[in-house]
Amino acid sequence: MAAYTYPLSEIRTRVRDILNESTATFWTDAELTAYINDGVRAIAEIGRCIQTINTTAATVNGTRTVAFTGYSVEAVLYQPSSGTEKALVKTDELRFGRLQSNGTYPQFFAETGQYVAIEPIPDAAYNLDIYYYAAPTDMSGDADVPSVPLAYRQLIILYALYRAYMKERSFGAGMQCYQMFMNELAFEAMDIPVNVPNSKEEYIFSERR
Amino acid sequence: MAYPQLSYIRTQIRSLLNETTAAFWTDAELNRLINEAERDIAAKALCLEAIATVTASSRTTSFTGHKILRAEYNSQGLIKILPKMMGGLQTSSVVPQFWFQWGQYLVLEPKPATSYTITLYTAIAPSTGMGTVEGTADTDQPSIPARFHELITLFVLSRAYLKDRMFNTAGNIYRTYINELTIARKQVIERYADTRNNLNIPDKIVIAGGA
């Protein structure tokens, strides 16, 4: 059985439950939808929770940069036509031309705006996998579901309430909801999107912890 | 009406709200909040655990749930790594040895040469009872572990008082909810393997404040 997915219309219903306005009067549905989409964006931006892989990226001969669309890049994997795939080491633009490379295939990358810059400068088309944090897609249809993972979707309600109370000039109430939203986001972000590797001590029968 | 059925939880909440018959808060609203609470607890505490198998024939394999807690192949636990470590680790063969989670994907290292069956120990979202497309039957029960059931009441009260525009009360109850959730999570979910040191009879035990 599938888990509950939070369609747009049902998020609006939940927001209206708490605003005590079951039929649109002071807050229109269009306004609430905008607050809800703002909430999804805030979650994706702060929580960096939409983790996506672009498996079709490739370098261009003589061009250092490869474009990506999203918030930031976590890792870039070089996909040779044969042999071992290898993650590129993250560096910065100052070190370009100063790092010891082993061949001409991509070995280092730097993130610069909406591009990953490759070192050494590619001398051919090399296939890359880019692991990055993506931006969400706005919802408009009643059945649309948020792009953020399931664990984050209940937070959208608090964010929409914060915005709704601001319109009503209930600033204290708005801030209360905003603080709850941020607290919830910190709680979710503590665990779910974070990758903590195992240490060697974790998978042996160690002396002490 | 028996604990922890939906009708029992709702009655308990109505008692605390001092509204035994639906007037300001409808039953439908409270049902939605109760369902919401269960999902929130499962997401924050990662307390609803499941064991699933996936067939991995490429580097990335999708899975269902909030988080992969552990992965196992061929009766051996796989080691969790960071994405940047791909291709840089010494591997003894081509079978899966390392993993990490990226969004809704399990990513394996080295890249699978063929199909492998991987066992995943995961934390999932509620999908039965009250977690289905909104449980509304009075006999529906939460699927999260029992230790977390009482927290549902606090979550719902916090939201219900928001509707009543008692914002400070809602905030205080919300903080209580988070505190309780943190304690429950620590007791139930945070687990540590024994070390050799744990299995030795200690030389001496010093009780706090003792000599």
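In helix α3 of chain A (residues 155-167), A:Tyr159 and A:Tyr162 stand 3 residues apart, which places them about one helical turn from each other; helices here are DSSP runs of H or I with at least four residues, strands are runs of E with at least two, and both are numbered from the N terminus. An α-helix has 3.6 residues a turn, so residues three or four places apart point the same way. The model is a predicted one, in which local features require pLDDT of at least 70 and side-chain atom pairs pLDDT 80 or more, while totals for chains, interfaces and linings use all residues. Residues are numbered from 1 along each chain as its sequence is written, chains are lettered from A and ligands numbered from 1 in the order in which they are written, and side-chain values use heavy atoms, with hydrogens and water left out.

A:Tyr159 and A:Tyr162 form an edge-to-face pair, because their ring centres are 5.3 Å apart and their planes meet at 80°. A tilted pair is formed by A:Tyr178 and A:Phe181, with 6.3 Å from centre to centre and 35° between the planes. These two residues lie 3 residues apart in helix α4 (residues 171-191) of chain A, about one helical turn. A:Tyr178 is partly exposed at 27% relative accessibility, whereas A:Phe181 is buried at 0%.

One aromatic cluster contains residues of chains A and B, namely A:Tyr131, A:Tyr133, B:Phe100 and B:Trp102. A:Arg48 is positioned over the face of A:Tyr133, 4.1 Å from the ring centre; the rule requires NZ of Lys or CZ of Arg within 6 Å of the ring centre and within 35 degrees of the ring normal. In chain B, B:Lys163 lies over the face of B:Phe24 at 4.5 Å from the ring centre.

Helix α3(A) comprises 13 residues and extends 19 Å from its first C-alpha to its last, close to the 18 Å expected at 1.5 Å a residue, the expected span being 1.5 Å times one less than the number of residues. Of its 13 residues, 10 are buried, so the helix is largely enclosed by the rest of the structure. Elements covering the buried residues include α1 (8-19), α2 (29-47) and α4 of chain A, as well as α2 (27-45), α3 (149-163) and α4 (167-188) of chain B. Just after α3(A), A:Arg169 adopts a positive phi of about 65°.

At the interface, 55 residues of chain A contact 60 residues of chain B, with contact defined as heavy atoms within 4.5 Å. The two chains bury about 5300 Å² between them, 56% of it on carbon and sulfur atoms; buried area is the accessible area (1.4 Å probe) that two parts lose on being put together, summed over both. On the chain A side, A:Phe187, A:Asn195 and A:Phe205 lose the most area to chain B, together 12% of what that side buries.

The count of salt bridges over all chains is 29, each being a side-chain nitrogen of Lys or Arg within 4 Å of a carboxyl oxygen of Asp or Glu. Across the interface of chain A and chain B there are 7 salt bridges. One of these salt bridges pairs B:Lys44 with A:Glu184 (2.8 Å, N to O); it joins two chains, because B:Lys44 lies in helix α2 of chain B and A:Glu184 in helix α4 of chain A. Both B:Lys44 and A:Glu184 are buried.

Within chain A, A:Asp29 and A:Arg12 form a salt bridge whose closest N and O atoms are 3.8 Å apart. A:Asp29 lies in helix α2 and A:Arg12 in helix α1, so the pair ties together parts 17 residues apart in sequence. A:Arg12 also bridges to A:Asp142, at 2.8 Å between the closest N and O atoms. A:Asp142 belongs to the loop between β8 (127-133) and α3 of chain A, so this pair with A:Arg12 of helix α1 ties together parts 130 residues apart in sequence. A:Arg12 is buried at 10% relative accessibility, whereas A:Asp142 is partly exposed with a relative accessible area of 44%. Salt bridges that share partners join A:Arg12, A:Arg16, A:Glu21, A:Asp29 and A:Asp142 into one network.

Terms used: Phe/Tyr/Trp six-rings, centres within 6.5 Å; stacked < 30°, edge-to-face > 60°. Buried < 20%, exposed > 50% of the residue type's maximum accessible area, 1.4 Å probe, protein only.
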